[in-house]
Amino acid sequence: MRKDVRILLVGEPKVGKTSLIMSLVSEEFPDEVPLRAEEITIPADVTPERVPTHIVDYSEAEQTDEQLYQEISKANVICIVYSVNNKKSIEKVTSHWIPLINERTDKDSRVPLILVGNKSDLVEHSSMETILPIMNQYSEIETCVECSAKNLKNISELFYYAQKAVLHPTGPLYSPEEKEMKPSCVKALTRIFKISDLDNDGILNDNELNFFQRTCFNIPLALQALEDVKNVVRKNMSDGVKDNGLTLKGFLFLHTLFIQRGRHETTWTVLRRFGYDDDLELTQEYLFPMLKIPPDCTTELNHNAYLFLQSVFDKHDKDRDCALSPDELKDLFKVFPYMPWGPDVNNTVCTNEQGWITYQGYLSQWTLTTYLDVQRCLEYLGYLGYSIIQEQESQASAITVTRNKRIDLQKKQTQRSVFHCNVVGARGSGKSGFLQAFLGRNLARQNRIREDHKSYYAISTTYVYGQEKYLLLHEVLPDFEFLSEADLACDVVCLVYDISNPRSFEYCAKVYKKHFIDSKTPCVIIAAKSDLHETRQYYGLTPLDFCRKHKLHPPQLFTSNTADAPSKDIYTKLTTMAMYPHMTQADLKNSTFWLRASVGATVFAVLGFAMYKALLKQR
């Protein structure tokens with residue numbers, strides 16, 4: 001909503017512009033009227049809309065044309081005053097004032113106009129018959145008010161309508177020529193309907209209507225009022241009410257009715273509550289609330305955010321198969337102005353046999369977005385109406401900013417849930433296969449992935465000591481000379497080489513010696529494609545000797561060329577190393593350490609699956 005309103009009064013000399021302002025301020029007709037009233041400011045607490053209002057007078061005798069043009073450009077609303085007993089002043093409204101104002105304002109954002117017929121105390125008849133055709137001709141005219149500065153008739157109403165024309169303009173909402181809402185208004189209200197339809201059945205039931213009413217107006221609707229609303233819709237359209245709930249058509253009809261009856265403030269209150277500005281675009285403040293992230297801290301979703309995202313998933317998983325089909329996913333993102341997830345997402349997270357994103361995959365993708373690009377995550381949660389449904393000030397309340405990693409190292413423990421692993425290796429070493437294997441895809445399934453749908457990320461859950469954690473794998477492009485700070489900043493590093501390619505290990509050795517030899521970041525060497533014949537590497541040391549020399553864990557044999565899903569053991573190890581970077585390589589080589597970590601993972605995975613099945617039954 002605007003911070004203030006600037007009202008300009010123009011019109012022919014002697015029509016009573018100054019008298020109107022002075023009558024408003026002093027609440028009596030002035031004995032002596034100056035040529036022009038000084039600009040006055042009405043404080044917020046005495047205006048109906050609680051917004052400071054500046055009222056500006058114009059005098060042809062005291063001001064130049066240039067000064068008039070400046071005032072027109074600064075005004076939020078212009079009152080064109082005419083005298084109801086002076087035909088010439090009425091004619092000048094269309095022959096002079098409206099063309100002059102339109103010349104000085106941008107065609108796409110015309111300033112709203114109010115026609116003000118003053119001196120109604122001097123005539124018996126109304127000027128409305130003459131004025132109505134003018135109002136029909138110019139869509140920028142919001143309304144017409146007849147008043148009398150002498151009798152104080154409709155003076156406060158006049159300034160209220162002027163204020164309302166700025167704060168609750170008709171222009172963006174409604175087309176008087178077509179007698180229907182504008183497409184941008186329909187689009188915004190359709191998004192609002194979809195967010196408010198909590199069970200996604202296409203109907204706002206009494207509970208949903210009450211939640212909507214409380215959200216927008218802070219008061220619930222009485223049972224009779226609910227019925228009255230539905231009866232109004234029933235009388236006017238056959239498909240506006242279904243199963244005793246309001247359909248989208250009924251919801252849009254109600255708002256058209258509000259606008260037609262001059263109650264635009266009702267529709268504007270709803271639009272602004274759901275984040276819209278005067279141009280019916282979601283505001284930057286709504287989409288991108290302030291969130292401070294100190295250096296060396298990461299961003300994660302908190303428990304409430306996951307509960308909200310789970311409810312969004314449930315709402316759209318119509319067939320209850322714990323996966324989102326392309327149509328279900330499309331329906332979920334209808335509240336967005338664009339489709340945020342491309343086909344690469346299906347190769348970033350877990351999917352079912354049909355290639356549809358599973359419940360786990362869906363939460364994983366949200367976790368990835370929050371970690372890599374928290375601003376985008378805030379934007380997405382804004383489109384879904386997080387702050388409204390969760391009754392929070394903004395979607396920033398969905399984010400946990402983790403503490404500095406140095407503190408984790410000092411305390412030798414972490415509260416973080418997401419760990420970042422960079423996967424480095426020469427071209428063709430098997431990095432992509434390593435990422436896809438984490439999502440349960442063997443070589444046969446990987447070969448079906450289209451090149452243009454490939455992803456350089458993979459994210460899923462692992463279990464360490466019975467705790468569910470997210471491991472985020474990032475395939476770093478093999479440009480040795482151009483490894484950036486971002487490529488090197490992570491919790492654990494995988495150096496991948498192809499055991500069947502004699503030149504493959506050298507790249508890993510060079511990267512390690514240049515970037516990680518003195519780093520505190522744990523490193524693991526992966527001997528990929530272990531199903532193939534091992535070739536001697538063209539490097540001074542064998543991979544095993546290299547690991548011994550640099551006190552690294554021995555090379556980990558890995559292949560995704562398996563009949564079933566590839567083994568997940570290596571990913572548990574990576575997550576454990578990321579969680580405990582302070583542990584020495586000697587600790588990590590200790591087999592009982594790994595046994596404790598992975599046994600906890602197995603037990604928890606079995607328990608987790610059982611709990612998940614129980615949850616599904618409830619759903």
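**Close-up views of a predicted model**

View 1. Contact means heavy atoms within 4.5 Å. Axes are lines fitted to C-alpha atoms, for helices over the stretch in contact, and angles run from 0 to 180 degrees between N-to-C directions. Helices (H or I, at least four residues) and strands (E, at least two) are DSSP runs, numbered from the N terminus. This is a predicted model, in which local features need pLDDT of at least 70 and side-chain atom pairs count only at pLDDT 80 or more, while totals for chains, interfaces and linings use all residues. Residues are numbered from 1 along each chain as its sequence is written, and side-chain values use heavy atoms, with hydrogens and water left out.

View 2. Two strands pair if DSSP finds at least two bridges between them. Strand 19 (residues 492-498) and strand 20 (residues 523-528) run parallel and are joined by six bridges. Within this pair, V496 stands opposite I526 of strand 20.

View 3. Strand 9 and strand 11 (residues 245-247) run antiparallel, joined by two bridges. The bridge partner of I203 is T247 in strand 11.

**View 4. Helix 6 packs against helix 9.** Helix 6 (residues 183-196) and helix 9 (residues 248-260) meet at an angle of about 130°, with their axes 10 Å apart. The two helices are therefore oblique to each other; angles under 35 degrees count as roughly parallel, over 145 as roughly antiparallel, 65 to 115 as roughly perpendicular and the rest as oblique. On helix 6 the contact is made by V186, L189, T190, I192 and F193, and on helix 9 by L248, F251, L252 and H255. These residues divide into seven nonpolar, two polar and no charged. Ala, Val, Leu, Ile, Met, Phe, Trp, Tyr, Cys and Pro count as nonpolar, Asp, Glu, Lys and Arg as charged, and the others, Gly among them, as polar.

**View 5. Residues 304-339 carry a UniProt domain annotation.** The unreviewed UniProt entry annotates this span as "domain: EF-hand"; such annotations may be inferred rather than shown by experiment. The end C-alpha atoms of residues 304-339 lie 25 Å apart, and the span is 56% helix and 6% strand.
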